[in-house]
Amino acid sequence: MSGFLAGLCVAVLPLLAAGFWLGRRTARPQSLGGLGTPVEHATFQTLHTASLAAPPLRAGLTEETAGRSARRLRSLLGTDALCLTDRSTVLVWDGVGAHHRAEILERLAAARETGRGDAFALSCDTPDCPARWAVLAPLTVDDRVHGALVACAPRESAVLVRAAGEVARWVSVQLELADLDQSRTRLIEAEIRALRAQISPHFVFNSLAVIASFVRTDPERARELLLEFADFTRYSFRRHGDFTTLADELHAIDHYLALVRARFGDRLSVTLQIAPEVLPVALPFLCLQPLVENAVKHGLEGRGASAGSKSRISITAQDAGAEALVVIEDDGVGMDPALLRRILSGEVGPSGGIGLSNVDERLRQVYGDDYGLVIETAVGAGMKITARLPKYQPGVHTAGRVTKE
Amino acid sequence: MNSGFAVPAVALVVVATVLVGAFGLRISRTTSDFYVASRTVGPRLNAAAISGEYLSAASFLGIAGLVLVQGPDMLWYPVGYTAGYLVLLLFVAAPLRRSGAYTLPDFAEARLASPAVRRLAGAFVVGVGWLYLLPQLQGAGLTLSVLTDAPDWLGGVIVACVVVATVAAGGMRSITFVQAFQYWLKLTALLVPALFLVLAWQSDGAPHRVFAEPAAFREQRAVTVGNALDLRLDRPLTVTVTGTVDGRAHRDENLSLPAGTHRIGGGTRLTFAAGDPVPHADRGSEGGMSTSLTASREERPLYATYGLILATFLGTMGLPHVVVRFYTSPHGVAARRTTVAVLGLVGLFYLLPPVYGALGRVYAPELTLSGSADAAVLLLPGRMIGGVGGDLLGALVAGGAFAAFLSTASGLTMAVAGVLTQDVLPTRGVRHFRLGTVLAMAVPLAASALVGGLPVADAVGLAFAVSASSFCPLLVLGIWWRRLTPPGAAAGMLVGGGSAFVAVTATMAGLPGTGRLHALLAWPALWSVPLGFLTMILVSLATPGRVPAGTSAILARFHLPEELWAETKA
C-alpha cells in the first residue's frame, strides 16, 4: 500500500509541474479590462501592437523577420495590404492584391534615388481589387534607403499617407537599432581579437639574452632553449581559433617556464598538481600563461639575487563537477588589494606585460560576469589567483589541434 | 552469517574510497615535471573508471539473484548491459566527445541551440538518475541487513550519507582513479570467491544436472517466508510448519500438503527435508511487488525479453554518469578506444554473476521462497565453504558490493546534483552545489523507504527504459540526422521518455497487478522507444523552419576527425 502511495506521489509530480507552468503562462497580464477610457484603451492597443512588431525587426530586415512583423504592422495601419521591400525585391506581401508587386518595384527604384516617399494610384484589371492606391514610405538607416513600406488602400487618403510615413519612421528606428546591435557585436569581437594576448616584449628580450649567454658556454643547452622559445612563440602567434585546451596551454606554460628557469636557475621552484580529467577543457587562448608570468614576476620581485631564498609557485587544476578550477599561487611580495582593484577596473595600467585585467576581461566576455578571476592577496603575503572554467560553454570550441602524447 | 569480518570489510572499502578520492591525485601527480603532470587519461584507465561507475548493485547482486530465481533466461541482463556499449561505440561515442558537451543537457544545447530543450534534457537526467539511485540504496539496505540483521533502511542511509558527504565536500577530486580502483575492487571481490566456489563445487562432485531440473533441497533446510505467498506444488510434500498455511495456524507440526496451490502467511517458517523439490512461489495475487515483473515475464516471455533487450541496448548511452566520463578522453578516437576497452572490462565482469546464480540454484534454492534472492552472492561463500575461509570470502564479497553502491551512487549523485545546480536551482555557487547534492540524494532515499522491494536488476531495467526512450532518440537523431529541430527533440523526449516514465511509475506503484497491460507497463521500452523516435522525426519534419542555423557546421564538427578542424579553420 505504501508503494502505491509513493507511486501516486511520483505520478502527481509531473502534473504539478505542468500545472505550475500553465499557471505561469496564463498569469501574464493578457487582458487589461479596467483600462479606463476608450481612448486610453486604443492607445494601449496601438502601443502593444507596435511593441509586438518590434522584436523581429531588431534582427535586421530579412525575409523571415519581415514576414513575422508584417501582419502586426498592417493591423497597426489598418490597411487591406501591406508590403515590405528591401532595396530591390519584395520581402513580404501581407493581405490582398499581391499581383501589384511589379508595379510597386518600379516605384521603389525611383524612391531609392530620391529617398522620398510616394503616393500613387495602382492600375488594375481585376474589377473588385481593393488595392487601387498605394503609399510608399522609404525605410532609411543612416540616410541610406534600405527598403520601403508600402500600404495599399481602395482610395486616396491623406491620413494613410501620414500614418504610413510615421510607421516607416518607427520601423527605420528599429532597423537602426538592429544596425547598432550588429556593430556592437562586431566591436566585441574586435575587442576580443585585440585583447588576444601578445607575449610581452620584455620576455622576448630577456629570453634571447639568456640564450645568448649560453651560446658559448653550453651550446647544447642554448639549442634546447632556442627550441623551447620557438615552440612558445609558435603557440602564441598561431592564427586559428580563439580557444585552446588546458593541456596545450599547460604545455605553453612549460616552455615559458623552461626559459624563465634558464634565467633564474634555482631561485624558482614550481609544483604542479593537475587533475587529468580537466585537461580537455577548452579555454580562451593564452589566458593562464599571463597569470603564471605574473606569479613569476611577483615571486622573484624584492628578493635579492644573492639572498638564496627560493620563490615557490604552485599551479593546480582541479575537477569540480561541471567546472575546472585552476589556481596559481606564489609566495612573493603580493599586492595592495586597493591597487589591484584599480588595476582590474582599468584605472591604472599594469606595469609591463599583459596584465591580470586583460585575462579577467576576456574570461568575463567568454563565460559571463560570474567567471572573472578571484584574486586573494595582501602586501607581503603572496598572491593566489583562482580561475573557474566551465567544461562546456556554447560557442567555446577548440580549433582542434590534437595533443600528441 | 558472521558479521565479525564483513563489517570491517565494508568499513575498509568506504574509508579506502574516501581516501583515494581525496588524496589519490596528490600522491600521484604532485611534481614539477610537466610531462608527468599533464598526461591525459589513457583509454584503459578511463575505461576502468567508466566500468567502475557503471557496474552497480544490479550487476553485482541483482543478476545472480535473477538467474537463481528464473534460470538461464535471465542471461539477457548481462548481455544487454554489455551490448549497450556496442551501440554506444557504433553510433555515439566519438561524435559525442567531439561535440565538446560535458553532460547530456550540454549536448542538447550544443546541437539544437535551444535552452528549452536543454532544460527538458536536464529534467530527464534528474529523473533517470533518481530511478537509478533507488535500487542502489535498496541494495545497500539489503546487503547490510543480510550481514548484520540491521534494519532494511540502514544500509541505504549509510551509503547516502557517505556519498553526500564526499561529493558535497568536493572529496571526489581524483574521480577517475577512484572509479578505476572500484572496478578492480569489484572484479576481485567477485572473481576470487567465485574461484573458490567453483573449486568447492568441483570437490562436491560437480553436480550440474540441477541446472535443468527443478531445484531440490540438498539437505534439511528451514525457510522463513517474508511476505505472504502462494506455493504451487506439483506433487504432495511433507514439511514442518510454524505459522499459517491455508489460513490455519500451526506450531512445529508436520504437515502433508497435497499437490496444488497453498497459501503461506507472512513470517511462516517452513522446514524442508533433504531431496524435497523446491516449490514454486507465486506472489502476484497479493500485490507484493518483489516478483511482479517476473510474473509478467512468465506470462509473456518473448515480449518481456525484447523489451529488456531494447532497453539495455539503447539505454546505456543515456546514463548521465557514463556520458560525463567520455569528456575525459582527449579526442574522439580516444573515446572510441575507451569504449572498446569498456566492452572488454564489462564483459569480463559479467561472466561472474551468472556463476553465482547457477551455484545458488544448487546450494541456496530456498532463497526463491524467502524473497531475498538478491542476497545469493553474499550468502554463497558462507554456505558452500563455511568456516573462517567462508567468512573471509563473504567479507570480500560484501566489500565489493558496497564498492558497487558507492561508486555508482556517487557518480549518479554528481551528475544529478550538477544538473540541479546548473539548470534548476536559481543561482550558482559552491553552496548551491552542496544543496543540489543533498537534494539529489534525499529524493531517492525517501522513495526507497516508501517503495520497498522491487528486485534491483528490474528496478535498474526501468531506469534504462526511460533513458532509452528519451536520450537514445535525442543522441542518435541529433548526431545522425540533420533535420532534427528543437520542437521535434522536445516532443520526442516528452512523448517517449514521458510515457516510459509514467509506465515505470505505475509499475513501481504496483498498478495493474497482472495481465497484458501490466506486461506493457513493466517492459515499456518496446513501444516507448519507437514512439520517441517517431514523435521526434514527425514533429521535426512538421517544423522544417526551425532547423537550427548552424546545423551543417555542428554536424561536421561531430563527425570529422579533430585534425581536420584545424586545417579547415586555419
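## A strand residue in chain A

Ile274(A) lies in strand β7 of chain A, which covers residues 268-274. The model is a predicted one. Ile274(A) counts as buried because it has 26 C-beta neighbours inside 10 Å, and 20 or more are needed for that class. Along the sequence, Ile274(A) and Ala252(A) are 22 residues apart, and their C-alpha atoms are 15 Å apart in space.

## A helix residue in chain B

Leu154(B) belongs to helix α8 of chain B, residues 152-168. Its 14 C-beta neighbours inside 10 Å make Leu154(B) partly exposed, since that class lies between the limits of 12 or fewer for exposed and 20 or more for buried.

Leu142(B) is 12 residues away from Leu154(B) along the chain, and the two C-alpha atoms are separated by 9.1 Å. With neighbours within four places in sequence left aside, Leu154(B) is in contact with Gly141(B) and Leu144(B).

## The two chains in numbers

Chain A has 405 residues, and 36% of them are buried. Its secondary structure comes to 11 helices and 12 strands. Taking contacts in chain A between residues at least 6 apart in sequence, 63% join residues at least 24 apart.

Chain B has 570 residues, of which 58% are buried. This chain contains 24 helices and 7 strands. For contacts in chain B between residues at least 6 apart in sequence, the share that joins residues at least 24 apart is 81%.

In soluble globular proteins, nonpolar side chains tend to be buried together. The largest nonpolar core here holds 178 residues, and the members that touch the most others are Val159(B), Ala376(B), Leu380(B) and Ala398(B). Helix α17 of chain B, residues 387-424, gives the most to this core, with 19 residues. Another core, of 50 residues, lies apart from it, and its members include Ala275(A), Leu279(A), Leu288(A) and Ala387(A).

What does Leu380(B) touch, not counting residues up to four places away in sequence? The list is Leu197(B), Tyr356(B), Leu359(B), Gly360(B), Tyr363(B) and Ala364(B).

## Two residues with positive phi

Leu286(A) is not a glycine, yet its phi is positive, at about 50°. This residue sits in the loop of chain A between β8 (282-284) and α9 (289-300). There are 22 other C-beta atoms within 10 Å of Leu286(A), so it is buried.

Ala113(B), also not a glycine, has a positive phi of about 50°. Its place is the loop of chain B between α6 (104-112) and α7 (115-148). Is Ala113(B) buried or partly exposed? With 17 other C-beta atoms within 10 Å, Ala113(B) is partly exposed, because 20 or more would be needed to count as buried.

## The pair α6 and α7 of chain B

The crossing is right-handed.

From α6(B), the contact is made by Leu104(B), Pro105(B), Ala108(B), Glu109(B) and Leu112(B); from α7(B), by Pro115(B), Val117(B), Arg118(B), Ala121(B), Gly122(B) and Val125(B). By class, the residues of this contact are 8 nonpolar, 1 polar and 2 charged.

## The pair α3 and α13 of chain B

Helix α3 (residues 43-54) and helix α13 (residues 332-350) of chain B have axes that come within 8 Å and cross at roughly 50°. That angle makes α3(B) oblique to α13(B). The crossing of α3(B) and α13(B) is right-handed.

On the α3(B) side, the contact is made by Pro43(B), Arg44(B), Asn46(B), Ala47(B), Ala48(B), Ile50(B), Ser51(B) and Tyr54(B). On the α13(B) side, Ala334(B), Arg337(B), Thr338(B), Ala341(B), Val342(B), Leu345(B), Val346(B) and Phe349(B) take part. The residues of this contact divide into 11 nonpolar, 3 polar and 2 charged.

Methods
Residues numbered from 1 in each chain as written. Chains lettered and ligands numbered in written order. Predicted model: local features only at pLDDT ≥ 70, side-chain atom pairs only at ≥ 80, totals over all residues. Core = buried A, V, L, I, M, F, W, Y, C linked by C-beta atoms within 7 Å. Helix = DSSP H or I, 4+ residues; strand = E, 2+ residues; numbered from the N terminus. Contact = placed C-beta atoms within 7 Å. Axes fitted to C-alpha atoms, helices over the stretch in contact; angles between N-to-C directions. Parallel < 35°, antiparallel > 145°, perpendicular 65-115°, else oblique. Left-handed = near helix turned anticlockwise from the far one by under 90°. Nonpolar A, V, L, I, M, F, W, Y, C, P; charged D, E, K, R; others polar.
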